[in-house]
Amino acid sequence: MRRMLAGLLAAALWLGLAVAMAEGTGTLTDPVPSQVAFEAEWLYPDAEIEDYAQVRTPEGTMGLLMLREGGVRRLVVYDVTEMENEERLYITEQALPQDDGIALLRADEEEPGFMMALIDPEHEEYWMKSVSFVWRDGDFHLTGFMDRRVGCESAAVSADHTLRYHSIDRDEEIGSVQGILLDALRYTDFEALPKTMEAAEKNADVPPGYCCFRGDWNTLFGKNVRFNEGRTFPVHEGPGEEYPRSGEGKGAVGTNGWIQVFGQCNGWLLIQYRIDDTRLRIGWIGASALPRGARVPELILHDDEQEIVQDCALTDDPMGSGGAILQLKQGTAVRHKAFLGRDWELVAVTTQDGQTVWGFVPSECMTHG
């Protein structure tokens with residue numbers, strides 16, 4: 001995939017398609033399966049299809065449908081291995097550049113993956129922005145990105161998250177920085193990526209992005225909020241001081257790193273922050289921690305009684321390590337609160353000693369009855 005970024009030499013391969021789309025022919029990389037097109041009309045009736053591409057992976061064929069509606073660009077990821085039985089996996093907005101321009105998808109035939117490129121119609125000879133992914137371990141993973149409006153550099157991302165920067169105009173390597181990020185497509189936030197070597201040297205700790213399964217689901221989305229620096233707040237496993245302290249009684253968040261806020265409930269903020277290179281934590285801090293003038297919406301939470309259908313872990317790190325707070329047995333009663341993407345659900349559970357804690361369990365472990 002790195003070959004697709006270096007010097008943007010592959011731009012010529014796109015030019016015919018770019019010109020065709022600029023002239024209004026609506027050319028797509030691959031034909032859209034009828035069932036996928038029907039569902040797109042149902043999900044986003046006012047959206048236009050910008051492009052569609054299919055990627056053959058060892059686990060099957062993945063379909064990538066790129067839509068735009070009201071200035072918002074979305075990528076809907078499908079498993080299209082079985083025609084007429086396509087399965088929607090997730091929808092992401094944050095992984096793609098959102099600017100105006102000619103948006104294109106291209107599948108990589110040599111190693112399963114794809115690239116998305118954004119071309120300025122006034123300057124079709126080069127890309128404004130691009131991002132690329134390769135299939136690995138059951139999902140697409142980030143392999144490169146570029147934003148010429150920020151700097152004339154491209155970055156290749158290795159499996160160990162080393163960011164290698166290349167000068168586009170000089171066609172030479174600049175250097176590398178060890179990044180700290182979640183590289184799965186569903187957790188990629190294009191705008192948060194350090195587009196230049198200088199930016200990466202200042203801060204290569206990249207907060208994650210978010211995806212959903214359906215736009216009308218009550219799905220949690222974290223937004224980066226800048227808190228007053230130099231402060232530390234205790235983190236709890238529920239919205240109140242009566243809930244246990246996270247991290248075996250030691251959980252705390254410092255305000256010098258990134259903090260994402262999902263919303264507030266009863267004067268408490270649901271946040272996510274980084275613990276170390278491999279672990280994140282989602283927990284609760286008092287809303288008084290917010291800087292003056294900051295506004296955070298109320299969380300929309302359910303309170304549906306459900307049951308665990310198979311043994312699983314309750315975790316406060318669903319997007320990272322998945323480390324367990326508690327082990328839940330089949331038949332355990334829980335209260336469903338919200339979804340986190342397609343794969344996770346926020347629940348509250350009362351332990352045998354009468355203590356209630358909030359955390360995340362895999363959706364496949366819930367009854368949904």
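Local features were considered at pLDDT of at least 70 and side-chain atom pairs only at pLDDT 80 or more, whereas totals for chains, interfaces and linings use all residues of the predicted model. Residues are numbered from 1 along each chain as its sequence is written, and side-chain values rest on heavy atoms, with hydrogens and water left out.

Nonpolar cores were defined as sets of buried Ala, Val, Leu, Ile, Met, Phe, Trp, Tyr and Cys residues joined through side-chain atoms within 4.5 Å. Buried denotes under 20% relative accessible area, exposed over 50%, and partly exposed the range in between (1.4 Å probe, protein chains only). The largest such core contains 38 residues, and those with the most contacts inside it are Leu75, Phe114, Phe140, Phe145 and Leu185. Strand 7 (residues 127-136) gives the most to this core, contributing four residues. A second, separate core comprises 23 residues, including Tyr210, Tyr243, Leu299 and Trp344. Helices (H or I, at least four residues) and strands (E, at least two) are DSSP runs numbered from the N terminus.

Arginine 88 is located in strand 4 (residues 87-92). With a relative accessibility of 7%, arginine 88 counts as buried. Contacts were taken as heavy atoms within 4.5 Å. Apart from neighbours within four places in sequence, arginine 88 is in contact with Glu39, Trp42, Leu43, Val76, Val77, Tyr78, Phe213, Arg214 and Arg342. Arginine 214 is 126 residues away from arginine 88 in sequence, while the C-alpha to C-alpha separation is 9.4 Å. Polar contacts are pairs of N or O atoms within 3.5 Å; within protein, one must be able to donate a hydrogen and the other to accept it, and residues adjacent in sequence count only if both atoms are side-chain atoms. The side chain of arginine 88 reaches the backbone oxygen of phenylalanine 213 at 2.4 Å, and a polar contact of 2.9 Å joins the side chains of arginine 88 and glutamate 39.

Side chains of opposite charge can pair when their charged atoms come close. A salt bridge was assigned where a side-chain nitrogen of Lys or Arg lies within 4 Å of a carboxyl oxygen of Asp or Glu. By this rule, 21 salt bridges were counted. One of these joins the side chains of glutamate 39 and arginine 88 (2.9 Å, N to O). Glutamate 39 belongs to helix 2 (residues 34-43) and arginine 88 to strand 4, so the pair ties together parts 49 residues apart in sequence. Glutamate 39 and arginine 88 are both buried.

A further salt bridge forms between the side chains of lysine 129 and aspartate 99 (2.6 Å, N to O). This pair links lysine 129 in strand 7 with aspartate 99 in the loop between strand 4 and strand 5 (102-108), 30 residues apart. Lysine 129 counts as buried at 5% relative accessibility. Asp99, Lys129, Asp147 and Arg149 are linked in a network of salt bridges. The side chains of lysine 202 and glutamate 198 also meet in a salt bridge (3.7 Å, N to O), and both residues are exposed.

In strand 16 (residues 259-265), seven of the seven residues are buried. Strand pairing requires at least two bridges found by DSSP. Strand 16 runs antiparallel to strand 17 (residues 268-274), to which six bridges join it. Glutamine 264 stands opposite leucine 269 in strand 17. Strand 16 and strand 17 form a hairpin with two residues between them, and asparagine 266 in the turn has a positive phi of about 55 degrees.
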